[in-house]
Amino acid sequence: MNKGKNRSWRMAALTMAAAAALCLFFSQKAHAGVVEPSGYIGESSERPHLDRVNIQTELDKTGKVILEKGKTYYLRSTLHVGGNMTIEAEGATIICKAGAVRNFDYGGSNKFYGEINGLTIHGGTWKFVNSKGYDKSSFQFINGSNIRMSDMDIRCTGYNGHAIELIACKNVTIDNCNIPAQGKPQTNSVEEMIQMDVASKATCPTIYQYKPELIRGGTCKNVTISNCTIKGNRGICANKTPEFYNKFHDNIKILNCKVTGMSTEAVVLYNTRTVTVRNNTLICKSKKTTVNNNYLTGLHISVYGGGKLKNITIKNNKIKGYTQAVMIYSDKGTRYKKTTITGNKLYSNSKNDTMRLYAVGKASVKKNKNYKLK
């Protein structure tokens with residue numbers, strides 16, 4: 001009788017242990033990638049890196065981090081990402097003391113577009129430790145491909161920094177993001193919230209100092225910025241550099257955005273082969289600048305090198321600039337193969353001078369309405 005009871009107790013104990021193990025397994029599986037906040041926000045010698053270390057450890061281990069909704073995290077230093085990584089931050093707040101995320105010193109193949117392949121950052125309110133914002137690049141990616149940033153509220157960058165800097169990146173989507181510069185605009189600054197850079201010593205001096213092998217004239221390709229609200233000294237820029245004037249960005253699309261340049265252009269695209277600007281509101285707020293009067297335009301497209309250009313499509317936008325709403329210019333006489341400018345509402349200081357077109361090639365300019373700025 002006692003043997004039977006003992007056997008029954010052993011069986012019950014084994015069953016309970018197995019059930020507990022299964023519960024633990026499924027619990028761990030359900031919470032894979034989830035990083036709980038430390039509850040520590042601010043400076044201290046005791047736990048200065050806790051949230052950053054926990055997030056970085058999970059990224060390096062599994063490639064995916066999930067930040068809890070309604071919770072706040074503190075990054076004393078920058079997160080480093082590689083390929084095939086995901087940061088899911090919907091509903092979370094991330095306070096940054098420095099840059100938020102970058103990849104340039106992570107390692108990789110040192111090949112064009114091969115340093116980082118496959119990165120997703122979704123959601124999150126990203127803030128700086130003070131109201132002035134970070135004066136460098138908050139999110140910075142070099143030689144990357146297949147990058148997606150969506151549904152983010154990026155409030156961590158000052159007017160003299162870049163919220164997002166893409167250096168020689170391709171296949172990039174920035175969608176449904178709110179990106180307002182922090183602090184006060186400066187009339188002598190042309191820094192932009194989203195910058196697409198050529199990989200050169202002039203445009204990337206810090207990266208050149210540490211990894212010069214990455215700085216070889218790579219450009220940005222297949223970049224789509226959609227459904228975003230952006231405000232900075234400049235809003236969006238595809239950059240140029242004299243070292244690589246014959247290198248061109250290609251297939252830059254700006255769709256359904258509201259972009260405001262407080263000191264200079266809302267959007268300026270240098271040396272870009274194919275441009276699509278559709279269904280946007282682009283506004284240059286300034287009526288004077290200490291830099292260049294050509295910068296007082298809503299949309300500015302300029303070519304500084306010789307090479308084969310493709311098409312420009314500017315359609316169904318509302319564009320405001322003090323000197324002109326739209327300026328298209330070529331320093332070398334190079335012309336776009338086809339230019340389509342239709343269905344736009346264009347505002348400038350002179351109703352009769354809303355567009356200046358010097359490099360348009362075969363052009364279809366129709367159904368635009370011109371207005372004088374009030």
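These questions and answers walk through a predicted model.

Trainee: How many strands are in the open sheet, and in what sense do they pair?
Mentor: Strands of a sheet pair through backbone hydrogen bonds, either parallel or antiparallel. Here the order runs E1-E2-E5-E8-E11-E14-E17-E20-E23-E26-E29-E32. That makes an open sheet of 12 strands, and the pairing is parallel.

Trainee: Which are the edge strands?
Mentor: Look for strands that pair on one side only.

Trainee: Take strand E8 (residues 116–122) and strand E11 (residues 144–150). Over how many bridges do they pair, and which residue is the bridge partner of Asn117?
Mentor: E8 and E11 pair in the parallel sense, over six bridges. The partner of Asn117 lies in E11. That partner is Ser145.

Trainee: How does the reach of helix H2 (residues 50–62) compare with the span expected at 1.5 Å a residue?
Mentor: H2 has 13 residues. The expected span is 18 Å. From first C-alpha to last, H2 reaches close to that, at 18 Å.

Trainee: Why do the buried residues of H2 fall on the same side of the helix?
Mentor: The buried set is Asp51, Arg52, Ile55, Gln56, Glu58 and Leu59. They sit on the same side of H2 because the arc they cover around the axis is only 160°.

Trainee: Which strands do those buried residues pack against?
Mentor: The buried residues of H2 pack against several strands. They are strand E1 (34–35), strand E2 (64–67), strand E3 (72–75), strand E4 (79–80) and strand E5 (85–88).

Trainee: What residue follows H2, and what is its phi?
Mentor: Gly63 comes after H2. Its phi is positive, near 85°.

Trainee: Is Ser200 buried or exposed?
Mentor: Ser200 is in the loop between strand E16 (192–197) and helix H3 (205–210). Its relative accessibility is 0%, so Ser200 counts as buried.

Trainee: Which side chain does the Ser200 side chain meet in a polar contact?
Mentor: Ser200 touches Ile215, Thr241, Glu243 and Phe244, leaving aside residues up to four places away in sequence. The polar contact is between side chains, at 2.8 Å. The partner is Thr203.

Trainee: How many disulfides does the count come to?
Mentor: Cys257 is buried, at a relative accessible area of 3%. Cys237 is buried too, at 0% relative accessibility. By the sulfur distance rule, the number of disulfides is zero.

Conventions
Residues are numbered from 1 along each chain as its sequence is written. This is a predicted model: local features need pLDDT of at least 70, side-chain atom pairs count only at pLDDT 80 or more; totals for chains, interfaces and linings use all residues. Side-chain values use heavy atoms; hydrogens and water are left out. Helices (H or I, at least four residues) and strands (E, at least two) are DSSP runs, numbered from the N terminus. Buried means under 20% relative accessible area, exposed over 50%, partly exposed in between (1.4 Å probe, protein chains only). A polar contact is a pair of N or O atoms within 3.5 Å; within protein, one must be able to donate a hydrogen and the other to accept it, and residues adjacent in sequence count only if both atoms are side-chain atoms. Contact means heavy atoms within 4.5 Å. The expected span of a helix is 1.5 Å times one less than its number of residues. The arc is that of the directions from the helix axis to the C-beta atoms. A disulfide is a pair of cysteine sulfur atoms within 2.5 Å. Two strands pair if DSSP finds at least two bridges between them.
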